Amino acid sequence: MALLEVRNLQAGYGKLQVLFDVSLSLNKGEIHCVVGPNGSGKSTLLKAIFGLANIYEGKVLLNGRDITRLKPHEKARMGMAYLPQLDNVFSRLTVRENLLLAGYTLDHTQYRERLEEVLDFLPQVRAMMNRKVLTLSGGERQMVAMAMAILRKPDIIMLDEPTAALAPKIARNILNKIVELRDRFKIGVLLVEQNAKVALEISDNAVLLVAGKEVYKGPASDLLSNKELAKMYLGVR
Amino acid sequence: MMLPPEVFIDALIYSNLLSLLAIGLTLTYLTLKVPNFAYGDLATIGIYVAFTFNEFYSLHPYLIPPFAFITAGLVSLASYILVFRPLWKRKSNIVTLMIASIAVEIALRSMIHIYASALGLRRRVSLARFDEPVNIAGLELPSVLLATTLTTITLVCSLYLFLNKTKFGTAMRAAIENPYLASTLGINVEQVYAVSWFLAGGLAGVAGLFLPFRISATPETGWELLLKIFAASVLGGLNSIFGAILGGYITGFAEVVGIYLLSRPPLNLSTAYRPAIPFALFIIVLLVMPRGITGTDWRRLKKILRGGEG
């Protein structure tokens, strides 16, 4: 059974339909990336799965259970983590408070254990615990956001352009951490990434969206080697 | 010129209550971004809870704050659940929410009128007889000064500890800053907002309870206070609880001390001008510092002033 299954999803915002009949399947310990040109509905797909966009038709299954109509906080409690592209940390709170909220659904002992695990995984976060997020750089914020997402040891983590607006070296560091996340914690990762080439290189499977429709679905390496599609839609030469 | 102690005492009592009210109004504004016109009536509920418990159960007014807090809190919560939350979930804009709050205000005020009438209350509510002087280190002070100051300090400190030292309070601050992100972390934003509205109502109820110690209250008292509460809240920045406290004290002192000074020679103005002071302050704040004290970039303002001087 797939960890996450999206079946024939039709979704959007109010009367504006963005996604048309999109399906995908994500397994444990796998990175599945969603690529496509700007405005193709990549972010909307994550939002719809997480319950932040309207679903008109189709189903979302988590471990075989229909979660299509559940609210975001209910999905979060079921083991789903979603990292938005913007405003993914509480800037007026300290890093410690942000992490405390990331473990909102955990009891105190569980929280302490997970926090130590996360700080081992992202040691740079330990040094910023008492700082207000307002004072952090873009890369540091992204690290905190990632720490928040993995603190709950989710079964699945959905990342919306985690490297947007970051320097190449920091972006590479973040992507390496995503790979490490999959290998170390066996989490299923659903990744939306603007830099399609790099995303496809680290992903197991991929879906290519164009104007809200699936144009390709299958192994990421095959999409990367499909010169026609890669050149036409992904800017990969 | 020295300020007579009774003017200072009057200003402090009034400012304590105005601060509590401004904190509550700010709390409701922070959650749904609605200027809640029904907020003043929650203070009126506090007045009538005090009257009812005192008249029918012979309870001393100083023992009534928990009842006033719970009753006004529950009414505020009901308004959130029955009116504001459904509208917010339908993504209603600020105008719709504001008009809804006016409707709630009219409904609440009418109900308070009916209740007062059912009690056979033709006269105004006053609890001034309970304001006995207390002797502290040779100083004779009105007991309501101590009661309001202690209550305000207790409530503000409790609120501070709740918001900063508890997990739920931290979640409340987070849900206020970014409800969307809070929900992705498993925080039930609607529940957090419901608690905010309950607390806001509770603060109004407690503040209202102390009003009849100094004024003769009627079902219109809360409505009449509303613009002053707004003035305090806007002066504080409308986005900050600390600002609301500050706004409450500045507005309260400006009103009481201001009318004392204006009514003396050489101006000799009538005290009937008293309500105009917070309104004037409100207008000045909107013109000069539209973001209030806590929202103003003081460094920039200082630079501009220095530049102007230079």
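The model is predicted, so local features need pLDDT of at least 70 and side-chain atom pairs count only at pLDDT 80 or more, while totals for chains, interfaces and linings use all residues. Residues are numbered from 1 along each chain as its sequence is written, and chains are lettered from A and ligands numbered from 1 in the order in which they are written.

Here is chain B in brief.

| Property of chain B | Value |
|---|---|
| Radius of gyration (over C-alpha atoms) | 20 Å |
| C-alpha box along the principal axes | roughly 65 × 55 × 40 Å |
| Buried share of the 310 residues | 45% |

Buried means that 20 or more other C-beta atoms, placed from the backbone, lie within 10 Å of a residue's own. Chain B has 13 helices and 2 strands, which are DSSP runs (H or I, at least four residues; E, at least two) numbered from the N terminus.

Now for helix 9 of chain B: its 16 residues, 221-236, reach 23 Å from first C-alpha to last, close to the 22 Å expected at 1.5 Å a residue (1.5 Å times one less than the number of residues). Because 14 of those 16 residues are buried, the helix is largely enclosed by the rest of the structure. Just after it, Gly237(B) takes a positive phi of about 120°.

Note on methods:
A residue is buried if 20 or more other C-beta atoms lie within 10 Å of its own, exposed if 12 or fewer, and partly exposed in between; C-beta atoms are placed from the backbone. The radius of gyration is taken over C-alpha atoms; the globule rule is 2.2 Å times the number of residues to the power 0.38.
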